[in-house]
Amino acid sequence: MLISVSHLKKKINEKWIVKEASFSIEENEKIALVGVNGTGKSTFLKMISDLEPYDQGEVIKKNGIKIYYLPQIPHFIKETVYSEISYINQQNTHPKEDFEIKSVLTKLGILDFNQNINEMSGGQQRKLSIACALIVECDLLLLDEPTNHLDNEMIDWLENYLMKSKNSIVMVTHDRYFLNRICTKIFELDQGDFYIHKGNFETYLENKESRIEIETKAIQKHKNLYRKELAWVRAGCQARSTKSQARLNAFEQLRQQRFKTQEKALSITGNTKRLGKKTIELDHVSFGYNEILFEDFSYNFLRNDRVGIIGKNGCGKSTLLNLIAGELKPSNGTISYGETVSIGYFKQKDLSDVSNLRVIDYIEDTSKVVQDGKNKITASQLLEKFLFDKKMQYTTIDRLSGGERKRLYLCKILMEEVNVLLLDEPTNDLDIVTLEILEDYLDTFNGIVIVVSHDRYFLDRVCEKVFVYENKTIHPYMGGYSDTISQLKKEKGYTRNEKKEWKTKTIRLSYMEKKELAQINEKIPELEQKIQNLNNEMNFVSDYETIHSLSLKRDLLEQELEEFTMRWMELEEKNEG
């Protein structure tokens, strides 16, 4: 056992972070921490790592335990990329070899090892902080939103890396595929209450649904009892004189009892402008700054298109949205719009320019009344549907968490009467409840949805088509993210991750299997030597393009070695009877 926690309590002002929590973290456990934005997940991680005090409770840690905490906003000590990660590596008892460091940096899209950190974008700095976390020798790794700013290929790589890691991990993430594949246990924070779910994300959903059902019944039972007792208390004076003090005290306790508000999915349908026959037409569009990002792309959007856009970071996904929004002009080609087109654009922004506004004022700046199907609701009622209660509505934006700001910005965009929604990374920092709210809303949205996202579950849930960036060309595919990746693998003959079925009719090895086993016994040492040669070569290479190329070759060889090893184990097991 690494950590044992009992009766942990924490309150900030009038808000409970956790009312009572007792749990343990074992060796090699992969744990997720989930909850609505603003519940205190980051504070909870800081308490585990001794960066934040707790009010009550006991935290017992294994002697000599090493804990590394990756915050959402990274902090660096050195000036350049390589000096920073080398400084972190020097703290290790057994420092990583040079090729390992370069390989991790390359996988996360950091190719200029000598770049000044202050000149990097926020996304690139975030990737550097992840790279530093991954090379640290520790017993417990605490990760706060590790998948933000990573493209789909990087997320796949990070998944596999963490699954193979021997560290115990507690992570805050809203990537549902990521949760389902990696986690063996889930901690849930719900308005100060703490729950433990043994299993992956699917188990958590089943448990939570059962709990909400039980709590809903309890709330209804409480209301019925309260009405009955209230009628008794309001009886005439003659009856009142005969009432027992015990029953009056019981009624007072019942009156003061409060059940927490259940999370409710957004039921607003909005009021979109009718979209005519002509929508948005891209005709042989190309765009680039110093060099071409993509070229010769044509597409006519249908009236209820649900399109996802995927590709590596920096390939021009957000640029395409800016072009469609009319904020940029194509280098070549044309973009034309139907007369009825009205665009709402959710960008990657943090609302720092309006941080002094109150939440309600920010929303009412768009409209004080919103059409909800055939009915009208106030801006305040809409905010409640987005999980901003009355008290929070009169809070200034600068007091909101990053996820709450995202949710507020999303609310403002969705209340506009638009028929084309452009969403640029809408899922970053959003909690699972808000993601489900957004997904349910998009199901009923009467118009076009175009989304750039690295959230694979979201893309599968929402999109019916996917635009894939590759080699400065945009290729449209039918289906969601998983369908698209499957089609891409088939096109490239890429099946190395698919499990092969080896059917055997007899217990003994056949002649061909004996021959295969002999070849594998020769092949495995060859592959191991090739991998070692690449490792040695990467130690003495500083050109990042060469390192990237060598790293890719090394990954392919390691995958090939793994497949041969698995096949060798199957044949040896069969050979032994």
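**Figure 1. Glu425 in the loop between β17 and α15.** Glu425 sits in the loop that links β17 (420-424) to α15 (432-444). Helices (H or I, at least four residues) and strands (E, at least two) are DSSP runs, numbered from the N terminus. Glu425 is not a glycine, yet its phi is positive, about 50°. With a relative accessibility of 4%, Glu425 counts as buried. Buried means under 20% relative accessible area, exposed over 50%, and partly exposed in between (1.4 Å probe, protein chains only). This is a predicted model with residues numbered from 1 along each chain as its sequence is written; local features need pLDDT of at least 70, side-chain atom pairs count only at pLDDT 80 or more, and totals for chains, interfaces and linings use all residues. Side-chain values use heavy atoms, with hydrogens and water left out.

**Figure 2. Lys406 in helix α14.** Lys406 is part of helix α14. Its relative accessibility is 8%, so Lys406 counts as buried. Leaving out residues up to four places away in sequence, Lys406 touches Phe346, Gln348, Glu425, Asn428, Asp429 and Leu430. Contact means heavy atoms within 4.5 Å. Lys406 and Asp350 are 56 residues apart along the chain, and their C-alpha atoms are separated by 7.1 Å.

**Figure 3. The side chain of Arg407.** Arg407 lies in helix α14, which covers residues 402-414. Arg407 is buried, at a relative accessible area of 1%. What does the side chain of Arg407 make a polar contact with? The partner is the side chain of Thr434, at 3.3 Å. A polar contact is a pair of N or O atoms within 3.5 Å; within protein, one must be able to donate a hydrogen and the other to accept it, and residues adjacent in sequence count only if both atoms are side-chain atoms. A polar atom of the Arg407 side chain also lies 3.4 Å from the backbone oxygen of Leu387. Neighbours within four places in sequence aside, Arg407 is in contact with Val36, Asn37, Phe386, Leu387, Phe388, Leu430, Asp431 and Thr434.

**Figure 4. Lys472 between two strands.** Lys472 lies in the loop between β19 (465-470) and β20 (473-478). Lys472 has a positive phi of about 60°, although it is not a glycine. Is Lys472 buried or partly exposed? Lys472 is partly exposed, with a relative accessible area of 40%.

**Figure 5. Helix α4.** Helix α4 holds 14 residues (122-135). At 1.5 Å a residue, α4 should span 20 Å; its end C-alpha atoms are 21 Å apart, which agrees. The expected span is 1.5 Å times one less than the number of residues in a helix. Of the 14 residues of α4, 13 are buried, so the helix is largely enclosed by the rest of the structure.

**Figure 6. A nonpolar patch around Trp568.** Trp568 belongs to helix α19 (residues 544-575). Trp568 is partly exposed, at 31% relative accessible area. Together with Met566 and Met569, Trp568 forms a nonpolar surface patch of about 290 Å² accessible area. Accessible areas come from the Shrake-Rupley method with a 1.4 Å probe; for residues, only the protein chains shown count as cover.

**Figure 7. The chain as a whole.** The chain contains 19 helices and 20 strands. Of its 577 residues, 47% count as buried. Its accessible surface comes to about 29800 Å², and 48% of that belongs to carbon and sulfur atoms.

Definitions and conventions
Patches are made of residues with over 30% relative accessible area and no salt bridge: like charges are joined within 9 Å, nonpolar side chains (Val, Leu, Ile, Met, Phe, Trp, Tyr) within 5 Å. A salt bridge is a side-chain nitrogen of Lys or Arg within 4 Å of a carboxyl oxygen of Asp or Glu.
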